[in-house]
Amino acid sequence: MAIKKVGVLGLGTMGHGIAQVAAASGFEVIATDATDEFMKKGLARIEKNLGRLVEKEKIDAAKRDEILGRIKGGGVKDFGDADLIVEAVTEAIEVKKKVFGLLNDVAKPGAILASNTSSISITLLSSVVKEPENFVGMHFFNPVPVMKLVEIISGLQTSADAAQVATEFAQSLGKTTIAVKDSAGFAVNRLLIPMINEAFCALDEGVASAEEIDQAMQLGCNHPMGPLTLADFVGLDVTLNALSVLYNDLGSDKYAPSQLLRKYVEAGRLGRKTGRGVYDYSK
Ligand code: 3HC
């Protein structure tokens with residue numbers, strides 16, 4: 001199946017990046033979010049990102065305008081001619097189920113529906129759509145324009161053809177794909193999230209300061225960001241949520257969330273997006 005038009009549901013941290021890279025790779029994009037205000041914010045973020053590329057002389061103004069011209073904001077009702085729709089709404093089962101329920105009345109037969117979920121079962125989400133064989137997981141990483149990987153997750157009912165279309169689409173965005181089983185945390189978060197959790201445990205036990213724990217992994221292991229900085233970047237709520245999925249689905253105490261991580265989330269210190277997480281971003 002040739003993909004020409006891509007729908008992006010949710011223009012937050014992940015969705016706006018997905019819309020941007022799809023348009024930059026030549027696809028027509030229709031995008032929406034829960035409210036007009038969120039949608040405008042997401043589209044403005046894309047414009048700002050592309051503006052930065054112009055400033056850095058990576059693209060010229062004409063290219064920026066061409067890319068922006070391929071992205072249209074609209075409502076779910078406008079997704080009827082999309083060949084592939086990527087969902088990147090709030091990481092909550094009920095919200096995602098509701099959104100895919102809406103798509104049932106709109107998406108054309110044969111359209112590939114993909115979820116960018118970082119932790120929810122693809123098989124479970126596919127149970128609410130009309131064509132579960134055309135449902136697949138496409139897990140992008142933040143920041144989407146920079147990170148080279150996309151995990152392609154096949155649920156119990158995903159067809160080989162749908163996984164292939166999603167794989168080729170991700171590759172046409174310049175991404176490298178890996179095929180991953182529909183299992184808690186997929187591959188990346190299965191490894192990354194326990195490491196971040198362990199950093200919170202170490203901080204809680206006074207093994208070292210937050211800055212030193214981050215330096216340990218940056219300078220000792222060449223990670224681009226230390227685990228606590230990365231947690232603030234990803235969102236402490238998202239991290240705790242992913243950890244809870246690992247804990248509940250895999251049933252091992254080794255995934256038990258750090259008490260300190262829980263406390264930060266309870267306090268509303270969710271990371272960069274709230275101005276404070278492990279570190280203070282308010283200034
Ligand atoms: N959007 C677009 N481009 C961005 C960007 C953004 N939000 N942030 C940074 N960049 C670009 C910069 O423009 C720059 O591009 P250039 O080299 O062409 O000029 C390049 O990335 C490097 O940026 P900076 O020089 O500003 O800063 P750094 O060198 O510190 O890199 C980083 C920033 C790319 C974010 C780097 O710190 C990094 O790779 N961090 C780790 C990110 C990571 O692990 N992401 C995965 C999170 S887990 C996840 O997403 C899964 C989820 O399910 C939890």
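## Helices, strands and a loop

Helices (H or I, at least four residues) and strands (E, at least two) are DSSP runs, numbered from the N terminus. The model here is a predicted one, in which local features need pLDDT of at least 70 and side-chain atom pairs count only at pLDDT 80 or more, while totals for chains, interfaces and linings use all residues. Residues are numbered from 1 along each chain as its sequence is written, and side-chain values use heavy atoms, with hydrogens and water left out.

Back to Gly 110. Its relative accessibility is 25%, which makes it partly exposed; the scale calls a residue buried under 20% relative accessible area, exposed over 50% and partly exposed in between (1.4 Å probe, protein chains only). Which residues does Gly 110 touch, leaving aside neighbours within four places in sequence? They are Met 1, Glu 131 and Asn 134, where contact means heavy atoms within 4.5 Å. Met 1 is 109 residues away from Gly 110 in sequence, but their C-alpha atoms are 9.1 Å apart in space.

## Two domains

The chain is divided into domain 1 (5-181) and domain 2 (189-274), with bounds that come from an automatic or database domain assignment. Their C-alpha centres lie 27 Å apart. At the interface, six residues of domain 1 are in contact with five residues of domain 2. Together the domains bury about 510 Å², 49% of it on carbon and sulfur atoms; buried area is the accessible area (1.4 Å probe) that two parts lose on being put together, summed over both. Ser 118, Ser 119 and Asn 142 supply 65% of the area that domain 1 buries against domain 2, more than any other three residues.

Two residue pairs are in polar contact between the domains, both at pLDDT 80 or more. A polar contact is a pair of N or O atoms within 3.5 Å; within protein, one must be able to donate a hydrogen and the other to accept it, and residues adjacent in sequence count only if both atoms are side-chain atoms. A salt bridge needs a side-chain nitrogen of Lys or Arg within 4 Å of a carboxyl oxygen of Asp or Glu.

## A buried lysine

Is Lys 96 buried or exposed? Lys 96 is found in helix α4 (residues 93-104) and is buried, with a relative accessible area of 1%. Its side chain makes a polar contact of 2.5 Å with the side chain of Glu 87. The side chain of Glu 91 also meets that of Lys 96, in a salt bridge (3.3 Å, N to O). Among the other residues that Lys 96 touches are Val 89, Ser 115 and Leu 125.

## Charged pairs

Side chains of opposite charge can pair when their charged atoms come close. How many salt bridges does the rule count? The count comes to eleven. One of them joins Lys 5 and Asp 81, with the closest N and O atoms 3.2 Å apart. This pair links distant parts of the chain, 76 residues apart: Lys 5 is in strand β1 (residues 5-9), and Asp 81 is in the loop between β3 (71-73) and β4 (84-87).

Lys 63 forms a salt bridge with Glu 66, and here the closest N and O atoms are 3.5 Å apart. Both residues lie in helix α3, three residues apart, about one turn of the helix. Lys 63 is partly exposed at 31% relative accessibility, and Glu 66 is partly exposed at 39%. Salt bridges that share partners join Lys 63, Glu 66 and Arg 70 into one network.

## Helix α10

Helix α10 (residues 236-250) has 15 residues and should span 21 Å at 1.5 Å a residue, which agrees with the 21 Å between its end C-alpha atoms. The expected span is 1.5 Å times one less than the number of residues. Buried residues of α10 include Leu 236, Leu 240 and Leu 243, and its buried residues pack against α7 (188-204), α9 (227-234) and α11 (259-266).

Most residues other than glycine have a negative phi, and most peptide bonds are trans. Glu 57 has a positive phi of about 60 degrees although it is not a glycine, and Glu 57 is exposed, with a relative accessible area of 71%. Asn 222, also not a glycine, has a positive phi of about 65 degrees. A cis peptide bond joins Asn 142 and Pro 143, with omega about 0 degrees.
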